[in-house]
Structure formats: C-alpha cells, structure tokens
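Subject: Structure for your review

Dear colleague,

Please find the structure below, followed by a short account of what was found in it. I would be grateful if you could read the two side by side.

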Amino acid sequence: MGLDTTDITPREETAFLTLKARAVNDGWQRPILHDPGATAAVAEIDYDFNTLGVLTPVVCQASLRAKLLDDRVRTFIAEHPDAVVVDLGAGLDDGYRRVQPPVSVDWYSVELPGMAALRDKALPPGAHEHTVGVSVTDSAWITGIPSDRPTMVIADGLFAFLTKEQIIAIMRAITDHFPTGQLAYNDYGRLVVGLWVAKLFPQKAGKIVNQSREFEGYNDPHTPERWNPRLRLVEEFSLADAPEVELFPTWLRIATRIAAKSKTSRRTARILRFEF
C-alpha cells in the first residue's frame with residue numbers, strides 16, 4: 001500500500017504532472033535532469049500516474065525548466081553561502097537534494113497543506129529543509145521565513161494557476177519581507193489556454209490543468225517591474241536556447257530549434273529572473 005492521496009485536491013493534483021514527467025526523464029539513458037527523488041516518489045505514492053497521459057514534450061519541458069532553476073539557485077548560493085532559498089508551490093519537487101546546498105543555507109518549500117503533508121512523507125525534509133504547509137495566497141506563508149539574509153525565491157509552474165492580483169501580492173510580499181535577493185520562475189507568455197492544454201495534456205492532465213489555470217499571462221517580461229518597482233529584470237531566457245535541448249528526442253529537438261526562430265514561440269517557455 002503506497003502513500004494515500006485520497007485527500008489531495010484537484011489543484012494540488014497538478015503537482016503529479018511534473019513529478020511524473022521528471023521521473024520519466026530520470027529513467028532515460030541520457031536524462032536532461034538527474035532526479036532520483038522523483039522516481040522514488042512515483043513508486044511510493046498510491047496514484048495511477050499512467051492516467052495523466054504525460055507526453056514527451058511535457059517530460060522535456062518540465063525537466064529542463066527544473067534544471068534551469070536549479071542552475072540559478074546554485075549560482076545564487078555560490079555568491080551568498082548564507083542564503084535562504086524559497087520554493088513557492090514546491091509540490092513534489094526535490095530541488096533541495098538535486099542542488100545539495102551547504103549547511104549554511106536554509107531551504108523552504110511552500111505548498112498547499114494536503115500536498116505539503118504528502119511531500120513530507122514522499123520526500124522527507126533534509127536537515128536544513130523546511131516545509132511550509134500554507135497557500136501562497138495566504139499572507140501567513142512568509143511570516144516564519146528568515147528576513148535577514150539574501151534570499152532566492154523560485155516558482156516552477158505556480159503563477160499560471162494564480163490570478164494576476166494574487167501574483168502581484170506575492171511579489172510585493174517578497175520585496176517587503178526579504179532585504180535583498182532574486183525571484184526566478186518559469187513563464188509561458190500569453191497563451192491560448194485551450195490550444196496549449198490540448199496539445200500538451202490530451203488526457204486526464206488536460207482537465208486538471210484547464211480547471212486550475214487562472215492567469216492568461218503577458219508577453220513583455222518587464223511587466224512585473226510595472227507591478228512592483230522594486231523588481232528589476234536581469235534575465236529572460238528561452239528554454240529553446242538551452243544546450244540541454246540536444247538531449248531531446250530528434251523530432252522534438254528539431255521542432256524546438258525551428259520554434260526558437262519565432263519571438264512568440266520563444267516566449268511560451270522561458271525563465272524570468274528579477275533582482276530586488
């Protein structure tokens with residue numbers, strides 16, 4: 001009998017999509033992201049992951065964006081060895097063990113209560129890893145996190161499931177609470193949601209994502225600077241430019257390189273990073 005998931009809500013269930021994608025990739029002969037934690041969690045959780053219908057493009061994109069965020073966290077920690085790392089909407093992501101920060105770093109994984117409880121069972125926290133079981137839309141999520149050290153805040157896939165107003169409130173809370181740091185997250189630009197979901201998630205996953213997605217997005221990467229003047233854009237990086245695209249299956253690698261020639265397509269999968 002695996003870990004029970006009967007109390008997981010549909011919104012929390014979206015975390016299973018990226019978990020399964022990373023686990024599939026971890027089993028490839030040449031993985032984009034080494035993620036044994038994902039493989040172990042899928043084996044331990046009582047959930048029929050096969051019903052999600054996670055396709056190869058999702059496997060590649062989910063693994064690559066996690067890898068890119070890991071890289072940026074490592075760079076920040078190298079510059080600030082006493083840093084605090086905050087993973088918003090962490091789900092079942094095992095970034096703490098992939099990055100392997102020094103003991104001087106504290107890592108906070110913020111997630112909805114039900115998924116946070118499952119996370120602690122499937123991915124038991126390390127010595128300096130802390131789980132915060134509070135919705136990011138509740139201002140209480142930030143109160144127990146140290147506010148006197150450089151802070152790296154990451155969000156992988158979270159903002160698409162929030163409203164514009166909620167995203168603005170979170171960004172404001174970050175710059176009000178932490179003295180200095182960075183915010184990095186994956187962004188899709190402005191998408192036609194129905195087409196995007198139908199293409200990438202044709203089975204059960206499509207229903208889960210469609211029901212949960214709330215924000216239509218934006219194309220101009222400077223938009224968050226207008227929401228919060230304390231943020232300064234320092235990087236807009238398209239996943240299509242990552243060297244790890246060479247690890248994609250041939251057909252998808254070619255399609256990605258072709259899509260990279262289009263400004264609109266490049267925005268549909270990117271990392272945005274801001275300093276504050």
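Is Arg257 buried, partly exposed or exposed? Arg257 has a relative accessible area of 30%, so it is partly exposed; here buried means under 20% relative accessible area, exposed over 50%, and partly exposed in between, with a 1.4 Å probe and protein chains only.

Two notes on the source come before the rest. The model is predicted, so that local features need pLDDT of at least 70 and side-chain atom pairs count only at pLDDT 80 or more, while totals for chains, interfaces and linings use all residues. Residues are numbered from 1 along each chain as its sequence is written, and side-chain values use heavy atoms, with hydrogens and water left out.

The sheet

An open sheet of 7 strands runs in the order β3-β2-β1-β4-β5-β7-β6, and its pairing is mixed. Its edge strands are β3 and β6, each of which pairs on one side only. From one strand to the next, the twist averages 15°. Strands (E, at least two residues) and helices (H or I, at least four) are DSSP runs, numbered from the N terminus, and two strands pair if DSSP finds at least two bridges between them.

Strand β4 (residues 151–155) pairs with β5 in the parallel sense over 5 bridges, and Gln182 in β5 is the bridge partner of Met152. Helix α4 (residues 56–79) packs on the sheet, where it touches β1, β2, β4, β5, β6 and β7, and its direction makes about 175° with that of β4. Helix α6 also packs on the sheet, touching β2 and β3, at about 150° to the direction of β3. Contact means heavy atoms within 4.5 Å; axes are lines fitted to C-alpha atoms, for helices over the stretch in contact, and angles run from 0 to 180 degrees between N-to-C directions.

Strand β7 (residues 270–275) is mostly covered, with 5 of its 6 residues buried. Strand β5 (residues 181–187) runs antiparallel to β7 and is joined to it by 6 bridges; Ala184 stands opposite Arg273 in β7. Strand β6 (residues 232–238) is likewise antiparallel to β7, with 6 bridges, and Arg232 stands opposite Glu275.

Asn186 and its surroundings

Asn186 is found in strand β5 and is buried, with a relative accessible area of 7%. Its side chain reaches the backbone nitrogen of Gly157 at 2.3 Å. A polar contact of 3.1 Å joins the side chains of Asn186 and Tyr188; such a contact is a pair of N or O atoms within 3.5 Å, where within protein one must be able to donate a hydrogen and the other to accept it, and residues adjacent in sequence count only if both atoms are side-chain atoms.

Salt bridges

A salt bridge is a side-chain nitrogen of Lys or Arg within 4 Å of a carboxyl oxygen of Asp or Glu, and by this rule the count comes to 23. In one of them, Asp187 and Arg270 have their closest N and O atoms 2.7 Å apart. Asp187 lies in strand β5 and Arg270 in strand β7, so the pair ties together parts that are 83 residues apart in sequence. Both Asp187 and Arg270 are buried.

Arg119 and Glu129 meet in another salt bridge (3.1 Å, N to O). Arg119 belongs to helix α6 (residues 113–122) and Glu129 to strand β3 (residues 129–133). Arg119 counts as buried at 1% relative accessibility, as does Glu129 at 5%.

With kind regards
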